[in-house]
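The sequence and the structure are shown next.

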Amino acid sequence: MYNKAMRKFIAFLTVIFILTGCLTNKKEEVEIASFNDIVIKGIWFSYVDYRDNMQGLNEEAFINKVKDIVNNCSELGINTIYVHAVSFTDAFYNSSIYPKTAILPGIEYDPLKIFIEEAHKKQIRVEAWINPMRSVSVEEVNSLDDGFVIKQWINEGKPYIRLVENRYYLNPAYEEANDLVVSVVKEIIDNYEVDGIHMDDYFYPEKATEDFDSEMLCSGCDLAEFRKNNVNNLVSLINKEVKKNNLIFGISPAGNMDYSINTIYGDFNMWIDTGIVDYLIPQIYWGYGHPTKPFLKTLEEWMATVEGSDVKMIIGLAGYKIGVEDQYAKEASNEWVENSDMLARQYMDAINLGSKGVSVFSYQSLFYPSEELSEHVKKEVENLKNAFK
(Lines give C-alpha, C1' and ligand atoms only; values in the text may rest on other atoms or scores of the structure.)
Protein backbone atom coordinates (compact mmCIF):
# COMPACT_ATOMS: atom_id res chain seq x y z
CA MET A 1 0.00 0.00 0.00
CA TYR A 2 2.77 2.32 1.08
CA ASN A 3 4.86 1.55 -2.02
CA LYS A 4 1.89 2.08 -4.31
CA ALA A 5 1.05 5.42 -2.71
CA MET A 6 4.67 6.48 -2.78
CA ARG A 7 4.97 5.54 -6.41
CA LYS A 8 1.89 7.65 -7.20
CA PHE A 9 3.34 10.56 -5.26
CA ILE A 10 6.68 10.30 -7.02
CA ALA A 11 4.93 10.09 -10.38
CA PHE A 12 2.91 13.18 -9.47
CA LEU A 13 6.08 15.09 -8.54
CA THR A 14 7.73 13.97 -11.78
CA VAL A 15 4.84 15.32 -13.85
CA ILE A 16 4.94 18.64 -11.94
CA PHE A 17 8.71 18.83 -12.46
CA ILE A 18 8.39 18.22 -16.19
CA LEU A 19 5.59 20.75 -16.60
CA THR A 20 7.44 23.32 -14.53
CA GLY A 21 10.58 22.72 -16.54
CA CYS A 22 8.67 23.17 -19.78
CA LEU A 23 7.18 26.41 -18.56
CA THR A 24 10.55 27.65 -17.37
CA ASN A 25 12.27 26.79 -20.62
CA LYS A 26 9.52 28.13 -22.83
CA LYS A 27 10.86 30.86 -25.09
CA GLU A 28 10.01 34.21 -23.58
CA GLU A 29 7.83 36.32 -25.82
CA VAL A 30 9.23 39.83 -26.26
CA GLU A 31 6.75 42.50 -27.27
CA ILE A 32 8.08 44.85 -29.93
CA ALA A 33 6.73 48.38 -29.77
CA SER A 34 4.38 49.38 -32.57
CA PHE A 35 5.67 51.82 -35.17
CA ASN A 36 2.77 54.13 -34.38
CA ASP A 37 3.55 54.22 -30.66
CA ILE A 38 7.18 55.34 -30.67
CA VAL A 39 9.53 58.07 -31.78
CA ILE A 40 11.77 56.38 -34.36
CA LYS A 41 15.43 56.36 -33.39
CA GLY A 42 16.83 54.40 -36.29
CA ILE A 43 20.05 53.37 -37.95
CA TRP A 44 20.89 51.84 -41.32
CA PHE A 45 22.96 48.64 -41.43
CA SER A 46 24.06 48.39 -45.05
CA TYR A 47 25.83 45.93 -47.28
CA VAL A 48 28.95 48.05 -46.69
CA ASP A 49 28.70 47.32 -42.96
CA TYR A 50 28.44 43.62 -43.81
CA ARG A 51 31.32 43.84 -46.29
CA ASP A 52 33.72 45.73 -44.06
CA ASN A 53 33.00 44.08 -40.73
CA MET A 54 31.28 40.70 -41.14
CA GLN A 55 33.19 38.71 -43.77
CA GLY A 56 34.87 35.39 -43.00
CA LEU A 57 32.89 34.66 -39.84
CA ASN A 58 31.52 31.26 -38.94
CA GLU A 59 27.98 31.12 -37.59
CA GLU A 60 28.94 31.38 -33.93
CA ALA A 61 31.25 34.33 -34.55
CA PHE A 62 28.60 36.00 -36.71
CA ILE A 63 25.95 35.62 -34.00
CA ASN A 64 28.32 37.10 -31.41
CA LYS A 65 29.08 39.99 -33.73
CA VAL A 66 25.39 40.68 -34.25
CA LYS A 67 24.86 40.58 -30.48
CA ASP A 68 27.54 43.27 -30.10
CA ILE A 69 25.91 45.36 -32.84
CA VAL A 70 22.48 45.09 -31.26
CA ASN A 71 23.87 45.90 -27.80
CA ASN A 72 25.60 49.00 -29.17
CA CYS A 73 22.35 50.10 -30.78
CA SER A 74 20.36 49.44 -27.62
CA GLU A 75 22.78 51.40 -25.44
CA LEU A 76 22.58 54.37 -27.80
CA GLY A 77 18.78 54.28 -27.67
CA ILE A 78 18.16 52.93 -31.17
CA ASN A 79 14.76 51.24 -31.52
CA THR A 80 14.76 50.50 -35.27
CA ILE A 81 17.42 48.96 -37.51
CA TYR A 82 17.06 49.03 -41.30
CA VAL A 83 19.00 45.89 -42.25
CA HIS A 84 20.02 45.28 -45.84
CA ALA A 85 18.18 42.22 -47.13
CA VAL A 86 18.57 42.88 -50.88
CA SER A 87 21.30 45.16 -52.24
CA PHE A 88 22.08 44.03 -55.82
CA THR A 89 19.36 41.45 -56.66
CA ASP A 90 21.09 39.27 -54.09
CA ALA A 91 19.93 38.01 -50.71
CA PHE A 92 21.26 38.45 -47.18
CA TYR A 93 18.85 35.67 -46.22
CA ASN A 94 17.89 32.18 -47.37
CA SER A 95 16.11 32.87 -50.64
CA SER A 96 14.71 30.57 -53.27
CA ILE A 97 14.59 33.50 -55.72
CA TYR A 98 17.82 35.49 -55.40
CA PRO A 99 21.29 34.01 -54.87
CA LYS A 100 22.97 34.39 -51.48
CA THR A 101 24.98 37.60 -51.51
CA ALA A 102 28.60 37.43 -52.65
CA ILE A 103 29.35 40.17 -50.13
CA LEU A 104 29.42 37.45 -47.46
CA PRO A 105 31.04 34.65 -49.48
CA GLY A 106 30.65 31.05 -48.43
CA ILE A 107 28.17 31.52 -45.60
CA GLU A 108 25.67 28.78 -44.82
CA TYR A 109 23.78 30.64 -42.10
CA ASP A 110 20.99 33.21 -42.43
CA PRO A 111 22.09 36.80 -41.61
CA LEU A 112 18.60 38.33 -41.65
CA LYS A 113 17.17 35.65 -39.35
CA ILE A 114 20.00 36.13 -36.86
CA PHE A 115 19.64 39.92 -36.93
CA ILE A 116 15.89 39.74 -36.30
CA GLU A 117 16.24 37.26 -33.44
CA GLU A 118 18.95 39.22 -31.65
CA ALA A 119 17.38 42.64 -32.22
CA HIS A 120 13.97 41.50 -31.01
CA LYS A 121 15.54 40.25 -27.77
CA LYS A 122 16.41 43.90 -27.13
CA GLN A 123 12.95 45.08 -28.28
CA ILE A 124 14.44 46.69 -31.37
CA ARG A 125 12.36 46.74 -34.54
CA VAL A 126 13.93 45.36 -37.74
CA GLU A 127 12.81 46.44 -41.19
CA ALA A 128 14.14 44.54 -44.20
CA TRP A 129 15.87 47.03 -46.48
CA ILE A 130 15.71 46.36 -50.21
CA ASN A 131 17.13 48.00 -53.33
CA PRO A 132 14.54 46.82 -55.85
CA MET A 133 16.05 47.89 -59.20
CA ARG A 134 19.83 47.90 -58.78
CA SER A 135 21.38 44.63 -59.97
CA VAL A 136 24.76 43.09 -60.82
CA SER A 137 27.79 44.55 -62.57
CA VAL A 138 28.95 43.28 -65.96
CA GLU A 139 31.87 41.49 -64.30
CA GLU A 140 29.57 39.63 -61.92
CA VAL A 141 27.28 38.11 -64.54
CA ASN A 142 29.46 35.09 -65.33
CA SER A 143 29.66 34.10 -61.67
CA LEU A 144 25.87 33.82 -61.41
CA ASP A 145 24.18 30.44 -61.55
CA ASP A 146 22.78 29.71 -65.01
CA GLY A 147 19.38 29.07 -63.47
CA PHE A 148 19.09 32.56 -61.99
CA VAL A 149 16.42 34.51 -63.83
CA ILE A 150 18.51 37.71 -63.91
CA LYS A 151 21.33 35.93 -65.76
CA GLN A 152 18.85 34.38 -68.17
CA TRP A 153 17.31 37.77 -68.94
CA ILE A 154 20.74 39.31 -69.51
CA ASN A 155 21.94 36.48 -71.75
CA GLU A 156 18.69 36.49 -73.74
CA GLY A 157 18.74 40.28 -74.14
CA LYS A 158 15.39 40.72 -72.43
CA PRO A 159 14.34 44.36 -71.95
CA TYR A 160 13.30 43.63 -68.36
CA ILE A 161 16.83 44.50 -67.30
CA ARG A 162 19.07 47.22 -68.76
CA LEU A 163 22.76 48.05 -68.66
CA VAL A 164 23.78 51.53 -67.49
CA GLU A 165 27.47 52.35 -66.98
CA ASN A 166 28.62 48.80 -66.29
CA ARG A 167 25.74 47.86 -64.00
CA TYR A 168 22.37 46.28 -64.75
CA TYR A 169 19.07 47.67 -63.46
CA LEU A 170 15.63 46.13 -63.48
CA ASN A 171 13.21 48.01 -65.70
CA PRO A 172 9.95 48.86 -63.88
CA ALA A 173 8.17 49.46 -67.18
CA TYR A 174 7.77 45.67 -67.41
CA GLU A 175 5.42 43.46 -65.45
CA GLU A 176 8.02 40.69 -65.41
CA ALA A 177 10.53 42.89 -63.55
CA ASN A 178 7.92 44.14 -61.09
CA ASP A 179 6.65 40.63 -60.42
CA LEU A 180 10.19 39.56 -59.56
CA VAL A 181 10.62 42.40 -57.06
CA VAL A 182 7.25 41.77 -55.43
CA SER A 183 7.93 38.03 -55.19
CA VAL A 184 11.07 38.80 -53.18
CA VAL A 185 9.14 41.12 -50.86
CA LYS A 186 6.55 38.39 -50.37
CA GLU A 187 9.26 35.82 -49.67
CA ILE A 188 10.78 38.00 -46.95
CA ILE A 189 7.44 38.74 -45.32
CA ASP A 190 6.29 35.11 -45.44
CA ASN A 191 9.46 33.71 -43.89
CA TYR A 192 10.77 36.33 -41.47
CA GLU A 193 9.37 38.21 -38.48
CA VAL A 194 10.25 41.58 -39.98
CA ASP A 195 8.56 44.70 -38.66
CA GLY A 196 8.41 46.36 -42.06
CA ILE A 197 9.83 46.70 -45.56
CA HIS A 198 12.13 49.62 -46.32
CA MET A 199 13.58 50.79 -49.62
CA ASP A 200 15.86 53.66 -50.54
CA ASP A 201 16.46 55.93 -53.50
CA TYR A 202 17.88 53.60 -56.17
CA PHE A 203 15.17 53.99 -58.77
CA TYR A 204 16.12 54.86 -62.35
CA PRO A 205 19.91 55.20 -62.58
CA GLU A 206 21.02 58.79 -63.02
CA LYS A 207 22.68 58.13 -66.39
CA ALA A 208 19.80 56.16 -67.94
CA THR A 209 19.33 57.38 -71.52
CA GLU A 210 16.13 57.09 -73.56
CA ASP A 211 17.40 53.74 -74.87
CA PHE A 212 16.56 52.33 -71.44
CA ASP A 213 12.88 52.68 -72.37
CA SER A 214 13.08 52.36 -76.15
CA GLU A 215 10.70 49.40 -76.44
CA MET A 216 7.99 50.74 -74.13
CA LEU A 217 7.96 54.53 -74.45
CA CYS A 218 5.27 55.57 -76.90
CA SER A 219 6.00 58.14 -79.59
CA GLY A 220 5.45 61.64 -78.24
CA CYS A 221 5.11 60.47 -74.63
CA ASP A 222 6.84 62.47 -71.91
CA LEU A 223 9.86 60.48 -70.68
CA ALA A 224 9.81 61.92 -67.16
CA GLU A 225 6.11 61.20 -66.64
CA PHE A 226 6.53 57.71 -68.08
CA ARG A 227 9.33 56.90 -65.66
CA LYS A 228 7.63 58.42 -62.64
CA ASN A 229 4.51 56.40 -63.40
CA ASN A 230 6.58 53.23 -63.63
CA VAL A 231 8.24 53.85 -60.27
CA ASN A 232 4.90 54.78 -58.72
CA ASN A 233 3.39 51.55 -59.98
CA LEU A 234 6.24 49.50 -58.48
CA VAL A 235 5.92 51.31 -55.15
CA SER A 236 2.16 50.68 -55.18
CA LEU A 237 2.65 46.96 -55.89
CA ILE A 238 5.13 46.62 -53.03
CA ASN A 239 2.83 48.49 -50.68
CA LYS A 240 -0.07 46.22 -51.61
CA GLU A 241 2.00 43.13 -50.76
CA VAL A 242 3.22 44.62 -47.47
CA LYS A 243 -0.28 45.64 -46.41
CA LYS A 244 -1.61 42.09 -46.91
CA ASN A 245 0.32 41.40 -43.72
CA ASN A 246 -0.41 44.71 -41.96
CA LEU A 247 3.26 45.66 -41.89
CA ILE A 248 4.94 49.04 -42.22
CA PHE A 249 6.34 50.23 -45.57
CA GLY A 250 8.52 53.25 -46.17
CA ILE A 251 11.03 54.80 -48.55
CA SER A 252 14.16 56.88 -48.07
CA PRO A 253 14.24 59.35 -50.98
CA ALA A 254 17.18 61.57 -51.87
CA GLY A 255 17.20 64.71 -49.76
CA ASN A 256 17.36 66.91 -52.86
CA MET A 257 13.72 67.05 -53.95
CA ASP A 258 14.40 68.10 -57.51
CA TYR A 259 16.96 65.33 -57.99
CA SER A 260 14.55 62.75 -56.59
CA ILE A 261 11.67 63.72 -58.86
CA ASN A 262 13.40 64.79 -62.07
CA THR A 263 16.59 62.71 -62.21
CA ILE A 264 15.84 59.33 -60.63
CA TYR A 265 12.03 59.72 -60.83
CA GLY A 266 11.13 59.12 -57.19
CA ASP A 267 7.86 61.07 -57.08
CA PHE A 268 7.42 61.31 -53.32
CA ASN A 269 4.53 63.79 -53.67
CA MET A 270 2.45 61.12 -55.36
CA TRP A 271 3.33 58.57 -52.64
CA ILE A 272 2.16 61.04 -50.00
CA ASP A 273 -1.02 62.04 -51.84
CA THR A 274 -2.09 58.44 -52.39
CA GLY A 275 -0.87 57.13 -49.02
CA ILE A 276 1.07 54.23 -50.54
CA VAL A 277 3.85 54.66 -47.98
CA ASP A 278 3.61 54.85 -44.19
CA TYR A 279 6.69 57.02 -43.90
CA LEU A 280 9.47 58.78 -45.75
CA ILE A 281 13.07 59.17 -44.59
CA PRO A 282 14.55 61.92 -46.79
CA GLN A 283 18.33 61.85 -46.70
CA ILE A 284 19.01 65.35 -45.39
CA TYR A 285 22.75 64.80 -45.29
CA TRP A 286 23.82 68.42 -44.94
CA GLY A 287 24.93 70.74 -42.17
CA TYR A 288 23.38 73.98 -41.00
CA GLY A 289 25.66 76.15 -43.09
CA HIS A 290 25.44 74.33 -46.42
CA PRO A 291 25.12 77.00 -49.15
CA THR A 292 22.28 75.41 -51.15
CA LYS A 293 20.71 72.82 -48.82
CA PRO A 294 21.07 74.12 -45.25
CA PHE A 295 19.71 71.53 -42.86
CA LEU A 296 17.02 73.56 -41.11
CA LYS A 297 15.52 75.05 -44.28
CA THR A 298 15.57 71.68 -46.05
CA LEU A 299 13.99 70.03 -43.02
CA GLU A 300 11.17 72.59 -43.06
CA GLU A 301 10.58 71.99 -46.77
CA TRP A 302 10.29 68.24 -46.26
CA MET A 303 8.01 68.58 -43.26
CA ALA A 304 5.67 70.74 -45.34
CA THR A 305 5.21 67.92 -47.88
CA VAL A 306 3.40 65.64 -45.39
CA GLU A 307 1.32 68.35 -43.74
CA GLY A 308 -2.32 67.23 -43.63
CA SER A 309 -1.49 63.65 -44.65
CA ASP A 310 -1.17 60.38 -42.72
CA VAL A 311 2.37 59.81 -43.98
CA LYS A 312 5.00 60.12 -41.26
CA MET A 313 8.27 61.98 -41.78
CA ILE A 314 11.49 60.52 -40.38
CA ILE A 315 14.71 62.42 -41.06
CA GLY A 316 17.84 60.74 -42.45
CA LEU A 317 21.04 62.07 -40.83
CA ALA A 318 24.63 61.84 -42.08
CA GLY A 319 26.62 59.98 -39.45
CA TYR A 320 29.35 59.46 -42.04
CA LYS A 321 30.11 63.21 -42.06
CA ILE A 322 31.13 63.38 -38.39
CA GLY A 323 34.57 64.97 -38.10
CA VAL A 324 34.95 65.33 -41.87
CA GLU A 325 35.42 68.54 -43.82
CA ASP A 326 32.53 69.14 -46.22
CA GLN A 327 34.16 70.18 -49.48
CA TYR A 328 30.82 71.33 -50.91
CA ALA A 329 29.88 73.65 -48.06
CA LYS A 330 32.35 76.50 -48.70
CA GLU A 331 32.44 78.78 -45.63
CA ALA A 332 30.70 76.13 -43.49
CA SER A 333 32.99 73.32 -44.59
CA ASN A 334 34.33 72.72 -41.06
CA GLU A 335 31.08 72.59 -39.08
CA TRP A 336 31.19 68.79 -38.88
CA VAL A 337 34.79 69.09 -37.61
CA GLU A 338 34.38 71.97 -35.15
CA ASN A 339 31.16 70.66 -33.54
CA SER A 340 30.49 67.38 -31.76
CA ASP A 341 26.72 67.71 -31.41
CA MET A 342 25.58 67.94 -35.02
CA LEU A 343 23.39 64.81 -34.93
CA ALA A 344 21.98 65.66 -31.51
CA ARG A 345 20.94 69.13 -32.65
CA GLN A 346 19.51 67.83 -35.88
CA TYR A 347 17.52 65.21 -33.98
CA MET A 348 16.06 67.85 -31.67
CA ASP A 349 15.25 70.15 -34.60
CA ALA A 350 13.48 67.29 -36.37
CA ILE A 351 11.41 66.44 -33.29
CA ASN A 352 10.58 70.08 -32.58
CA LEU A 353 9.24 70.47 -36.12
CA GLY A 354 6.98 67.46 -35.74
CA SER A 355 8.92 64.60 -37.32
CA LYS A 356 8.35 60.97 -36.35
CA GLY A 357 12.06 60.61 -35.56
CA VAL A 358 15.40 60.13 -37.30
CA SER A 359 17.63 57.48 -38.80
CA VAL A 360 21.42 57.69 -39.00
CA PHE A 361 23.57 56.48 -41.89
CA SER A 362 25.34 54.31 -41.10
CA TYR A 363 26.14 51.85 -38.32
CA GLN A 364 29.88 51.75 -38.87
CA SER A 365 30.08 55.54 -39.03
CA LEU A 366 29.09 55.59 -35.36
CA PHE A 367 30.64 52.38 -34.08
CA TYR A 368 33.57 51.51 -36.39
CA PRO A 369 35.05 54.92 -37.26
CA SER A 370 38.59 55.37 -38.50
CA GLU A 371 41.23 55.81 -35.82
CA GLU A 372 41.70 59.51 -36.55
CA LEU A 373 37.96 60.16 -36.12
CA SER A 374 37.28 57.86 -33.17
CA GLU A 375 37.46 60.48 -30.38
CA HIS A 376 35.33 62.95 -32.32
CA VAL A 377 32.75 60.28 -33.12
CA LYS A 378 32.68 59.13 -29.50
CA LYS A 379 31.70 62.65 -28.37
CA GLU A 380 29.06 62.90 -31.11
CA VAL A 381 27.56 59.54 -30.14
CA GLU A 382 27.45 60.52 -26.46
CA ASN A 383 25.63 63.75 -27.30
CA LEU A 384 23.17 61.89 -29.50
CA LYS A 385 22.59 59.34 -26.73
CA ASN A 386 21.73 62.17 -24.32
CA ALA A 387 19.37 63.71 -26.89
CA PHE A 388 17.63 60.35 -27.37
CA LYS A 389 16.84 60.03 -23.62
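A residue is called buried when its relative accessible area is under 20%, exposed when over 50%, and partly exposed in between, with a 1.4 Å probe and protein chains only. By this criterion, 53% of the 389 residues of the protein chain are buried. The model is predicted, so local features require pLDDT of at least 70 and side-chain atom pairs pLDDT 80 or more, whereas totals for chains, interfaces and linings use all residues. Residues are numbered from 1 along each chain as its sequence is written, and side-chain values use heavy atoms, with hydrogens and water left out.

**Overall description**

The protein chain contains 14 helices and 11 strands. These are DSSP runs numbered from the N terminus: helices are H or I of at least four residues, and strands are E of at least two. Along the principal axes, the C-alpha atoms occupy a box of roughly 100 × 55 × 45 Å. With contact taken as heavy atoms within 4.5 Å, 75% of the contacts with a separation of 6 or more link residues 24 or more positions apart.

**Barrel and open sheet**

Strands pair if DSSP finds at least two bridges between them. Eight strands close into a barrel with parallel pairing, in the order 1-2-3-7-8-9-10-11. A separate set of three strands forms an open antiparallel sheet in the order 4-6-5. Strands 4 (134-137) and 5 (161-164) are at its edges with a single partner strand each, so one side of each has no neighbour in the sheet. The twist from one strand to the next averages 30°. The table lists one strand pair from each assembly.

| Strand pair | Sense | Bridges | Bridge partners |
|---|---|---|---|
| Strand 10 (residues 312-318) and strand 11 (residues 357-361) | parallel | five | G316 and S359 |
| Strand 4 and strand 6 (residues 167-170) | antiparallel | two | S137 and R167 |

**Helix packing**

Helix 12 (residues 342-352) lies across strand 1 (40-45), strand 10 and strand 11, at about 165° to strand 10. Axes are lines fitted to C-alpha atoms, for helices over the stretch in contact, and angles between N-to-C directions run from 0 to 180 degrees. Helix 12 also packs against helix 14 (residues 374-388) at an angle of about 25°, with the axes 7 Å apart. Helix 12 is therefore roughly parallel to helix 14, a term for angles under 35 degrees. The contact involves M342, L343, A344, Y347 and M348 of helix 12, and E380, N383, L384, A387 and F388 of helix 14.

Helix 4 (residues 111-121) has eight of its 11 residues buried, so it is largely enclosed by the rest of the structure. The buried residues are P111, L112, I114, F115, I116, E118, A119 and H120. They pack against strand 1, helix 2 (47-53), helix 3 (59-76), strand 2 (80-86), strand 3 (125-130) and helix 6.

**A buried loop residue**

N171 is located in the loop between strand 6 and helix 6 (175-191). Its relative accessibility is 1%, so N171 counts as buried. Apart from neighbours within four places in sequence, N171 is in contact with P159, Y160, I161, R162, A177, Y204, F212 and D213.

How values were computed. Angles under 35 degrees count as roughly parallel, over 145 as roughly antiparallel, 65 to 115 as roughly perpendicular and the rest as oblique.
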